[in-house]
Amino acid sequence: MMLRKLITGAAAAALLSTAGTAPAAEDVAAFPSKPFDIIVTFPPGGGTDMLARLIGNYMPEAIGKTAIVENRPGASGNVGARVVKERAPDGYSLLMVNSSFAVNPGVFKTLPFDPKKDFDAIINIAYVPSVLVVPPGSPYKSLADVTAAAAKANDVSFGSCGNGTPQHLAGELFKLQAKVNMVHVPYKGCGPALNDVVGGQIGLAVITASSALPFIKAGKLRALAVTSRERSKLMPDVPTVAEQGYPGYELTQWHGLLAPAGTPADIKQKLYEAVARIMRRPDVEQKLADLGYDTASDGPAVFQKMVNSDIDKFTALAQKIGLSAD
């Protein structure tokens with residue numbers, strides 16, 4: 001009886017000593033063993049949703065399991081983020097976000113999560129610059145014309161895709177660097193802003209390049225500048241804001257995948273490698289280029305640094321202009 005107790009106790013001790021390591025190793029080795037959930041923080045039909053579904057289409061080929069895309073819009077993306085934050089950090093629940101994720105901490109007084117501590121970066125998949133556009137008959141031929149008009153009067157306005165969007169902040173950053181005043185006109189999305197600038201109801205707007213590109217190509221809009229560090233490959237004749245007298249100006253919208261904090265590093269690496277393979281497909285690169293996107297494959301460490309840096313940058317900018325969504 002005593003021998004049996006000793007053996008049983010030793011076995012139990014052995015199980016306890018390996019309980020924290022063996023299952024995790026087995027999980028990583030078997031990963032993935034079930035479908036993925038990709039939560040999109042915006043409604044169906046937008047650019048972020050399109051990118052998530054594009055990735056989802058190729059996940060079976062890239063990593064061996066399907067991906068179910070679920071839209072959880074609301075509160076500028078905070079609703080969907082909270083859903084993923086509360087999921088298990090096992091790599092099966094992913095959050096598809098864009099730069100608005102980094103804007104929100106600066107414009108919301110309280111959030112149902114900590115954007116730096118509650119999520120782990122997986123991969124940045126694409127960039128899209130914004131573009132300053134005017135109607136084709138506008139007297140503004142360059143940014144110099146805009147700043148000259150704004151310096152003379154206080155009735156120069158610019159539309160954006162909404163309060164607190166990267167396009168709004170791109171306009172505000174330009175105002176600060178140009179030292180001019182322009183009235184911000186927020187719209188409920190890039191679509192309504194596009195409609196009004198094409199129709200001449202507003203004389204200037206900051207819009208995502210992917211949304212504005214078809215109108216620019218059709219001659220229904222004239223592009224004055226792109227907000228990226230370098231010129232867009234699809235609009236090589238359109239100068240950047242920086243090269244028109246504002247060195248250092250840059251605000252490009254990124255799109256990427258996050259996971260709940262604590263996701264094992266090996267699983268994050270597997271996910272990164274799978275999605276990076278998707279983004280390197282020539283057909284995917286061409287499709288995104290046609291839509292105005294530059295594909296990317298920044299890994300977990302680089303993307304995490306990018307997200308955290310943008311949170312700090314956008315928070316400082318929001319405080320400087322007194323921007324609040326509450």
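Trainee: What limits apply to the values?

Mentor: Residues are numbered from 1 along each chain as its sequence is written, and side-chain values use heavy atoms, with hydrogens and water left out. In this predicted model, local features need pLDDT of at least 70, side-chain atom pairs count only at pLDDT 80 or more, and totals for chains, interfaces and linings use all residues.

Trainee: At what angle do the axes of α3 and α11 cross?

Mentor: Axes are lines fitted to C-alpha atoms, for helices over the stretch in contact, with angles from 0 to 180 degrees between N-to-C directions. Helices (H or I, at least four residues) and strands (E, at least two) are DSSP runs, numbered from the N terminus. Here α3 (residues 47–63) and α11 (residues 282–290) have axes that come within 12 Å and cross at roughly 165°. That makes the two helices roughly antiparallel, a label for angles over 145 degrees.

Trainee: Which residues of α3 and α11 make the contact?

Mentor: Contact means heavy atoms within 4.5 Å. Helix α3 contributes Met50, Leu51, Leu54 and Tyr58, and α11 contributes Asp283, Val284, Lys287 and Leu288. By class, that is six nonpolar, no polar and two charged residues. (Ala, Val, Leu, Ile, Met, Phe, Trp, Tyr, Cys and Pro count as nonpolar, Asp, Glu, Lys and Arg as charged, the others, Gly among them, as polar.)

Trainee: How much space lies in the largest pocket?

Mentor: On a 1 Å grid over the protein atoms alone, a pocket is an open set of points with protein on both sides within 12 Å along at least five of seven lines; a cavity is a set where a 1.4 Å probe fits but cannot get out, and lining residues have an atom within 4 Å of a point. The largest pocket holds about 970 Å³. Its lining has 46 residues, with Phe42, Asn98, Cys161, Gly189 and Cys190 nearest the centre. They divide into 20 nonpolar, 24 polar and two charged.

Trainee: Which element gives the largest share of the lining of the second largest pocket?

Mentor: Helix α12 (300–321) does, with five residues. This pocket, of about 560 Å³, is lined by 20 residues, and Tyr127, Ser228, Arg229, Glu250 and Thr252 lie nearest its centre. The lining has seven nonpolar, five polar and eight charged residues.

How values were computed. Parallel < 35°, antiparallel > 145°, perpendicular 65-115°, else oblique. Points joined across faces, edges and corners; volume = space filled by probe spheres on them.
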